[in-house]
Amino acid sequence: MIGIGTEGIGGAAPEYKPGSEADFERLYRSSYNRVLGTLIGILGERAAAEDCVQDAFVRAYRSWSSWRGDAPAEAWLHRIAINTAISHQRYERMREAGQVLRRLGRPAPPPDPATLVERSDLFRALSKLPPKQAAAIVLRHHHGYTNREIAAALDIPERTVASRLAGAKERLRKVLSYERSADSQISVGTLSEDGVPSD
Amino acid sequence: MSEFDSEIERELNRILGPVDTQTIPVWRTPASGGFMKRILGGTGAAVAAKLLTGFAVVAFAAAGAGGAMEASLSGSLNPADWGQQVTQQVATCKAALTAGQHGIGQCVSAFAKQHGDLVSDSHQASNARDNHSNNGSNGKGKGKGNGSDNSQAGDRIHGRPTTVPPSTHS
């Protein structure tokens, strides 16, 4: 687990001045890798995550002068990044659906080797979760943020974070055990709301 | 922490650990797409171009008209000339005031009117001179025996008042 240190999402967060170019660059340097890790967890693909992180930082830069400091800067940044990833995921799903329709009857192209790096069982399962649940798992179990800090990042009540984490873990457990019992031969379908895999 | 939690963390760390220590790409400030883009692009550009053209035309016309007005009144582009004449006239009018008389407005405005007529006549005379020279070149004998016409033309050249009101000359 990676500790959040003094420049974490909350606690002894460094002082940032809204609109300051130098401060934004400092925020970029201190939080880029953590935000990237979160988005890899949500999207399950490094290349897509990198694109979304860049996009998120550009969005954040454009509204940097209006950042009010009511939430720690990194939490605010995570919120922007997670929303960017959600938009990206929606767009990709629509695009994939269109591609499936277009290539009906034709063989599917082989998977891109570059995207297989993150294709561990866990990441595959994470990418099937609702994005905010996946984000909560990465923020809690990789970045080591507290529930309060995750609440600030996702702009939700702290209790919601706890229930979201519990729900995410329950789904992960089911998916992973399902995958293992199927000897990883059957692809994992999209989860329904109650966590039961359905193809 | 449960065994499952530990398993999640190990797996996350295995995949995301290298990400945490990787080199961060250099931050490049996005190209300014805000104010300048609105001004220089699309509808903004069209409106800005029209506004600039409008300002330029108005400024040019104002400068030209100002200069012409000034020159016609004082006979010079220097505004001090006409100003000096008016100052002198004011002094003259004040001196001409007799005891118990008030106001020099009529005296000064009469001077201004006289000056305006003079300048106006001089403009018309210059037009007449142009016409006269054109007529002369057309035929020599045409103007002979028409003394009254010639005298009128001469009056116009010197800017003197004629029997005909200036407005009907043109």
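**Exercise 1.** Find what Leu172(A) is in contact with, leaving aside neighbours within four places in sequence.

*Solution.* Start with the cut-off: contact means heavy atoms within 4.5 Å. Within chain A, the list reads Leu122(A), Ala125(A), Leu126(A), Leu129(A) and Ile137(A). Then hop over to chain B, where Leu172(A) meets Phe4(B) and Ile8(B).

A word on the ground rules: this is a predicted model, where local features need pLDDT of at least 70 and side-chain atom pairs pLDDT 80 or more, while totals for chains, interfaces and linings use all residues. Residues are numbered from 1 along each chain, chains are lettered from A in the order written, and side-chain values use heavy atoms, with hydrogens and water left out.

**Exercise 2.** Work out how much area is buried between chain B and chain A, and which residues of chain B lose the most.

*Solution.* First, count who takes part: 34 residues from chain A and 23 from chain B. Next, the buried area (accessible area, 1.4 Å probe, lost on putting the two parts together, summed over both) comes to about 2,600 Å², with carbon and sulfur atoms giving 66%. Finally, on the chain B side, Phe4(B), Leu12(B) and Trp27(B) lose the most, together 27% of what that side buries.

**Exercise 3.** Track down the salt bridge between chain B and chain A.

*Solution.* Look for a side-chain nitrogen of Lys or Arg within 4 Å of a carboxyl oxygen of Asp or Glu. The count is one. Asp5(B) and Lys169(A) pair up through their side chains, at 3.2 Å from N to O.
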